[in-house]
Amino acid sequence: MSRLNHILTIAGVGASAWLGGMVSERYRLSQKLDKPGLPIFSTVSAATPLESPAIIKPVNRVSEIMRFGFPSLDNIRSLDDFVLSYDKRNRVPNWVFEHITKDSVKKNDKVDRAKCDFYEDKSVHEFFRSTNSDYKGSGFDRGHMAAAGNHRITQQHCDQTFVLSNMAPQVGKGFNRDSWNRLEMHVRKLTNFYKNVYVCTGPLYLPKLEADGKSYVKYQVIGKNNVAVPTHFFKVIVMESDSQKLDMEAYLMPNAVISDDTPLNVFQVPPETIERSAGLLFFDKVARSKLNKINGRWA
C-alpha cells in the first residue's frame with residue numbers, strides 16, 4: 001500500500017428592475033468592505049523553474065515571504081507577517097505562506113496569545129466570508145494555517161493569525177491540539193538548524209473509494225455560510241542553511257483523530273503528490289534538481 005493510501009485510510013417587478021436592484025445591492029456591499037492587504041511585488045513566479053535557487057534581496061515583507069514563488073495567484077491577501085490565498089467558495093484558505101526564523105518564533109514576553117480573538121476578515125465580501133458563528137457548536141476547532149506560535153515578534157503579528165481567513169475547520173482533540181500541533185512545533189524547531197524556513201500550509205479534499213468501487217470527494221460543511229471541512233491538510237517546507245543549501249519536507253495529514261504515538265515521518269509524501277491534489281505548484285522558482293534533500297533523503 002502506498003504512503004498516500006495509508007494516510008487516506010487513517011481517517012459537506014421586471015427583469016430590469018431586478019437587475020438594477022442587484023447592482024445597487026452589490027454596490028452597497030462593496031462600500032462596506034475593508035480594503036484587502038494586497039501584495040506589492042515586482043515579479044511573480046511562473047511554472048518554469050530556475051536553474052539555481054533565486055537569491056533575491058527583499059524589497060518588502062511580501063517579497064521576502066514569497067521569495068521562491070506563489071503557488072497560485074487566486075485572491076491573494078497579505079498581512080504583516082504572512083500571505084494567503086483565499087478560497088471564496090469554501091470559505092477557507094487555498095494556502096497560507098510563512099517565512100520564519102529563530103527570532104520570529106522565540107519566546108517574547110511582550111506577545112500574549114491569550115489576548116488574541118478570532119475575527120472576521122472584513123476585506124472578504126460578506127457573501128464569501130466565514131464567521132465565528134459558523135464554527136460555534138460545530139464540533140470543529142478554528143484551525144490555524146499560519147500558526148500563532150510562528151509570529152512572536154510583535155503582538156500585532158500574533159493577533160493577525162486569528163483572522164478567520166487563516167482558519168479551516170479541524171478535528172480538535174487528537175488532531176489540531178495534538179498531532180497537527182506536533183507538526184507545527186517540528187517546523188519551529190527547524191529554525192534551530194536553518195537560518196530561513198519557508199512554510200506553505202493548506203487544506204485538501206481528497207477522494208475516497210466507496211463500496212460501489214467508485215471514488216468520491218465528500219466533505220462536510222458547517223454553519224450558515226457552509227464552511228468546508230477539509231478531508232486533509234498539508235505542509236510543504238523549504239529550509240535554507242547558512243551555506244544557502246535548500247532542503248524540503250512535505251507532509252499530508254488526515255483531518256481526523258491520530259494516535260499520539262504515530263511518528264510525523266509517517267505523513268511525509270513526495271511534494272508532487274500534494275501539488276497534483278491541490279492544483280498548486282510549490283516553490284516553483286527552485287528547480288527540484290537543485291534541492292539538497294527532500295524528506296531527509298538526498299534529492
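1. Lys88 has its charged end over the ring of Phe128, 5.1 Å from the ring centre. A second contact of this kind involves Lys218, which lies over the face of Tyr216 at 5.3 Å from the ring centre. The model is a predicted one, and these distances should be read as values computed from it.

2. How many aromatic pairs does a search of the whole structure find? The search returns 11. Trp95 and Phe97 make an edge-to-face pair, because their planes stand at 90 degrees, with the ring centres 6.0 Å apart; the edge-to-face class takes angles over 60 degrees. Both partners are buried: Trp95 has a relative accessible area of 0%, and Phe97 has 1%.

3. Phe234 and Phe282 give a tilted pair, with 5.3 Å from centre to centre and 55 degrees between the planes. Which parts of the chain does this pair link? Phe234 belongs to strand β11 (residues 232-240), while Phe282 is in the loop between α9 (271-278) and β13 (293-294). The two residues are 48 apart, and the pair links distant parts of the chain. Phe234 is buried at a relative accessible area of 0%, and Phe282 is buried at 1%.

4. Trp95 and Phe97 also belong to one aromatic cluster, together with Phe70 and Phe283. Phe283 is placed in the loop between α9 and β13. Phe283 counts as buried because its relative accessibility is 2%, under the 20% limit. The backbone of Phe283 is taken up again in point 9.

5. The limit applied is 2.5 Å between the sulfur atoms. Cys158 is likewise in no disulfide, the nearest cysteine sulfur being that of Cys116. The count of disulfides by this rule is zero. Both cysteines are buried, with relative accessibility of 9% for Cys116 and 2% for Cys158.

6. The largest pocket has a volume of about 420 Å³. It is lined by 21 residues, and those closest to its centre are Arg113, His144, Ala148, Gly149 and Glu184. By class, the lining has nine charged, seven nonpolar and five polar residues.

7. Which elements each supply at least two residues of the lining of the largest pocket? They are β4 (140-144) and α8 (179-189). β4 gives the most to this lining, with four residues.

8. Helix α9 has Pro271, Thr273, Ile274 and Glu275 as its buried residues. Just after α9 comes Gly279, with a positive phi of about 70 degrees. Gly279 lies in the loop between α9 and β13. Is Gly279 buried or exposed? Gly279 is exposed, because its relative accessible area is 61%, against a limit of 50% for that class. The C-alpha atoms of Gly279 and Leu204 are 10.0 Å apart in space, and these residues are 75 apart in sequence.

9. A positive phi also occurs in residues other than glycine. Arg91 is another, with a positive phi of about 65 degrees. Where does Arg91 lie? Its place is the loop between β2 (82-87) and β3 (92-100). Arg91 counts as buried, because its relative accessibility is 15%.

Key: Residues are numbered from 1 along each chain as its sequence is written. This is a predicted model: local features need pLDDT of at least 70, side-chain atom pairs count only at pLDDT 80 or more; totals for chains, interfaces and linings use all residues. Side-chain values use heavy atoms; hydrogens and water are left out. Buried means under 20% relative accessible area, exposed over 50%, partly exposed in between (1.4 Å probe, protein chains only). Rings of Phe, Tyr and Trp (its six-membered ring) pair if their centres lie within 6.5 Å; planes under 30 degrees apart count as stacked, over 60 as edge-to-face and the rest as tilted. A charge sits over a ring if NZ of Lys or CZ of Arg is within 6 Å of the ring centre and within 35 degrees of the ring normal. On a 1 Å grid over the protein atoms alone, a cavity is a set of points where a 1.4 Å probe fits but cannot get out, and a pocket is an open set with protein on both sides within 12 Å along at least five of seven lines; lining residues have an atom within 4 Å of a point. Grid points are joined across faces, edges and corners, and a volume is the space filled by probe spheres set on the points. Ala, Val, Leu, Ile, Met, Phe, Trp, Tyr, Cys and Pro count as nonpolar, Asp, Glu, Lys and Arg as charged, and the others, Gly among them, as polar.
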